[in-house]
Every structure is written in C-alpha cells, then in structure tokens.
Amino acid sequence: MDWQNQLITVYLTTCNFFSQLSSKIFLKISPNANPLFTDEEVITIYIFGILNGLKNIKSIFDFTKNFLSEWFPQLPSYEGFLFRLNSLNSVFPELTKFLLNADKFKTTYYSAENITLVDSLPIMITKNSRAYKCNTANDISSVGYCSSKKTYYYGMKLHLIASFKNKKLPTPRLQKQVFMT
C-alpha cells in the first residue's frame, strides 16, 4: 500500500470511528460546529505518523507540515496541534476498542499467529539524589533515567518479552545476556 492510500485509509477509519462515537464518551472541545481543522484530522495525522515510524509528536507535526501541507492546509501551529491532541486523550481507549473489534484485526481462536508483547521497566534500588551515592550491586546496576516517572534512579532495567501461545501454559525463559542501562 502506498502512503497516499495508507493516509486515506487511516482518515476514513478515523471518520468512521467518530461517526459511531457516543457523546457520553466524547464531547467536542471546540464550540465551533465546523472547525477548519477537525478532530478526525488530528487523530489521522498522529496515527499516520506512528505508522511511519515517527517517534514523537514534534517529529510527526514537522513531517506533516513539511510534506503533507497539501493534504492538511489548515494545520494549526504546533502548540495548537499539541493542545488538540492532548484534549483528545479520552478518545484513544475507545479508538483502540473500535480498531480491535474491526474485522481486519480479528484473529481466530485457533490461530497459529504469534502475538508478542515487549515492555521494559526500571528496577529501582534508590531514586533521585540518592541515585548517585548508592554502591549496591555495582556489577549489574547503574544510574538511569525513567522518562515515564520523570526520575533518576540507581538500579537496572527489566526487559520483558511475553508471547501468547494458544492452549499452552506459559514457560518462562531467561536470556543469558545482561545489558547495562
């Protein structure tokens, strides 16, 4: 699928989602009934950016401004875009449910397709100012920064890879390599 078809598909899926959305779940932020730049466009730009490997909102906005300005001529400033995207945060859980219930994302119960979840989290021995003074477990621990908790810590990062196996008990596997953070 070329990028134009991908963009159109994301936009039409988003519009379909917004047409089925209950007013109890989502109330339009703008008092304007027909804004120049719609909530559907905000969500479309964000999802399209993620699908194309852009890692943060600023890079998504810059990409849209530089390369998709013909598709989104009423794109607001970065601050306006960020405000609109943040105000739509309550829509994303419902959008996820909508996408998972769509036929193209359903997998059969007996599917042999592997589903894998990857996550990482810090194992903190000490935090903040004490992080630089701690000497416990020096061989496997170091100072790191957890951006989701906005704190420095002394410890290590735990990286988890979980696989779904249909009708089988999970079996833990230990990777022999230890990576320092």
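**Briefing: helix packing and the nonpolar core**

Leaving aside residues up to four places away in sequence, Phe 37 touches Val 42, Ile 45, Phe 72, Gln 74, Leu 75, Pro 76, Phe 81 and Arg 84, where a contact means heavy atoms within 4.5 Å. The model is predicted: local features need pLDDT of at least 70, side-chain atom pairs count only at pLDDT 80 or more, and totals for chains, interfaces and linings use all residues. Residues are numbered from 1 along each chain as its sequence is written, and side-chain values use heavy atoms, with hydrogens and water left out.

**Overall architecture**

- The chain has five helices and three strands, taken as DSSP runs numbered from the N terminus (helices: H or I, at least four residues; strands: E, at least two).
- Along the sequence, the pattern is α-α-α-α-α-β-β-β.
- Of the 181 residues in the chain, 26% are buried (under 20% relative accessible area; exposed is over 50% and partly exposed in between, with a 1.4 Å probe and protein chains only).
- Among contacts in the chain with a separation of 6 or more, 65% join residues 24 or more positions apart.

**Nonpolar core**

- The largest nonpolar core has 20 residues, and Phe 17, Phe 37, Ile 45 and Phe 81 have the most contacts inside it; such a core is a set of buried Ala, Val, Leu, Ile, Met, Phe, Trp, Tyr and Cys residues joined through side-chain atoms within 4.5 Å.
- Two or more residues of this core come from each of H1, H2, helix H3 (57-67), helix H4 (78-87) and H5.
- H2 gives the largest share of the core, four residues.

**Contact of H2 with H4**

- The axes of H2 and H4 come within 10 Å and cross at roughly 95°; axes are lines fitted to C-alpha atoms, for helices over the stretch in contact, and angles run from 0 to 180 degrees between N-to-C directions.
- H2 is therefore roughly perpendicular to H4, a class that covers 65 to 115 degrees.
- Asp 39, Val 42, Ile 45 and Tyr 46 in H2 meet Phe 81, Arg 84 and Leu 85 in H4.
- The residues of this contact divide into five nonpolar, no polar and two charged (nonpolar: Ala, Val, Leu, Ile, Met, Phe, Trp, Tyr, Cys and Pro; charged: Asp, Glu, Lys and Arg; polar: the others, Gly among them).

**Two sides of H5**

- Val 91, Leu 95 and Phe 98 are the buried residues of helix H5 (residues 91-101).
- These residues lie on the same side of H5 because they cover an arc of only 60° around the axis, taken from the directions from the helix axis to the C-beta atoms.
- The buried residues of H5 pack against helix H1 (3-20) and helix H2 (39-51).
- On the other side of H5, Leu 100 and Asn 101 are exposed.

Notes:
Angles under 35 degrees count as roughly parallel, over 145 as roughly antiparallel, 65 to 115 as roughly perpendicular and the rest as oblique.
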